[in-house]
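Hi there,

Here is the structure I promised to pass on to you. Please open it next to this email and follow along as you read.

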Amino acid sequence: MSLTIENLHASVEGNPILKGLNLEIPAGEVHAIMGPNGSGKSTLSKVIAGHDDYEVTEGRVLLDGVDIAELEVDERSRAGIFLAFQYPAEVPGVSNANFLRAALQARMPEGEEIDAVAFYKQMYAKMDELEMNRKFTSRAVNEGFSGGEKKRNEVLQMMMLEPRYCLLDETDSGLDIDALKIVAKGVNSMRSPNRGFLVITHYQRLLDYIRPDHVHVMADGRIVKSGGAELALELEKSGYDFLKQSA
Ligand code: ADP
Ligand code: MG
């Protein structure tokens, strides 16, 4: 079981962004991706999730060996891919509770109805874990939320949907240290032999709490360096200067 990316090339509005990216995330592992601004980290996460703006021009994304190129974004979601956005969208007019309920309902077999009591019980339990006030259940999804509240709400969605592969795009940015610890605890509670994580971050700090099995550096649409958790510490010290030397 793995999420495998093979020689991925992708463009947006005709501009090539991903230029031959290879990555394998076996279930059970946490992979972190770091790299300078504009290197294509968010593009990678959105291409995996199936965002319409991005055109795959070459290469494959395999979910447990099956090419997902033809799957729409909702089908990818139901197949077990989840993306916590760097910039979560606001959805006016749809309450957080109704949004989550609809997302879970969409995963149920035809004709089966979600159990409302069990749903609320589960949602409140996850919100308690994330130390989220219950007033967020009735508020419109992300509308007027602070940066940190949006990030926490992304993690609530992830905890409710229990995806097989979790992509977290800079979920740490906008969080203060206490919120970061709470979010990391939520993520860690989901680590399992059946679930893989791709964690995009600028800061080693997050990786103190979510310990990665592998760290990759992305630059100009490719992975240019990979290592263990210690690579993130090295990057924190010496930055990305090594990229210039090798260019
Ligand atoms: P990162 O997340 O590593 O900072 P991104 O994937 O967001 O990088 O962006 C990579 C490059 O692709 C940037 O130069 C960015 O401007 C460009 N890009 C990404 N999305 C779009 C888009 N929808 N339209 C135009 N350019 C885009
Ligand atoms: Mg980004």
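Below are some notes on the ligands and on a few residues.

This is a predicted model, in which local features need pLDDT of at least 70, side-chain atom pairs count only at pLDDT 80 or more, and totals for chains, interfaces and linings use all residues. Residues are numbered from 1 along each chain as its sequence is written, chains are lettered from A and ligands numbered from 1 in the order in which they are written, and side-chain values use heavy atoms, with hydrogens and water left out.

Let's start with ligand 1. Which residues surround ligand 1? They are Val12, Ile17, Pro36, Asn37, Gly38, Ser39, Gly40, Lys41, Ser42, Thr43 and Tyr54, where being near means having a heavy atom within 4 Å of the molecule. By class, four of these residues are nonpolar, six polar and one charged. In this scheme Ala, Val, Leu, Ile, Met, Phe, Trp, Tyr, Cys and Pro count as nonpolar, Asp, Glu, Lys and Arg as charged, and the others, Gly among them, as polar. Helix α1 (residues 41–49) gives the largest share of the shell, three residues. Helices here are DSSP runs of H or I with at least four residues, strands are runs of E with at least two, and both are numbered from the N terminus.

Now look at the oxygen atoms of ligand 1. One oxygen atom lies 2.8 Å from a polar backbone atom of Gly38, and a polar side-chain atom of Lys41 is 2.8 Å from an oxygen atom of the ligand. For Thr43, an N or O atom in the side chain is 2.6 Å from a ligand oxygen atom. On its own, ligand 1 has 560 Å² of accessible area, and the protein covers 63% of that (Shrake-Rupley method with a 1.4 Å probe; for residues, only the protein chains shown count as cover).

Next comes ligand 2, a magnesium ion. Ser42 (OG) and Gln86 (OE1) coordinate it at 2.1 to 2.2 Å. Ser42 sits in helix α1 and Gln86 in the loop between β6 (81–84) and β7 (91–95), so this pair, 44 residues apart, links distant parts of the chain. Donors are N, O and S atoms within 2.8 Å of the metal (3.2 Å for Na, K and Ca), and sites may look incomplete because water is not among the atoms. Are Ser42 and Gln86 buried or exposed? Both are buried (under 20% relative accessible area; exposed is over 50%, and partly exposed is in between, with a 1.4 Å probe and protein chains only).

His31 belongs to strand β3 (residues 30–34) and is buried, at 3% relative accessible area.

Most residues other than glycine have a negative phi. Glu131, however, has a positive phi near 50°, and Glu170 has one of about 50°. Glu131 lies in the loop between α4 (116–129) and β8 (140–141) and is exposed at 53%. Glu170 lies in the loop between β9 (165–169) and α6 (177–190) and is buried at 8%.

Enjoy exploring!

How values were computed. A polar contact is a pair of N or O atoms within 3.5 Å; within protein, one must be able to donate a hydrogen and the other to accept it, and residues adjacent in sequence count only if both atoms are side-chain atoms.
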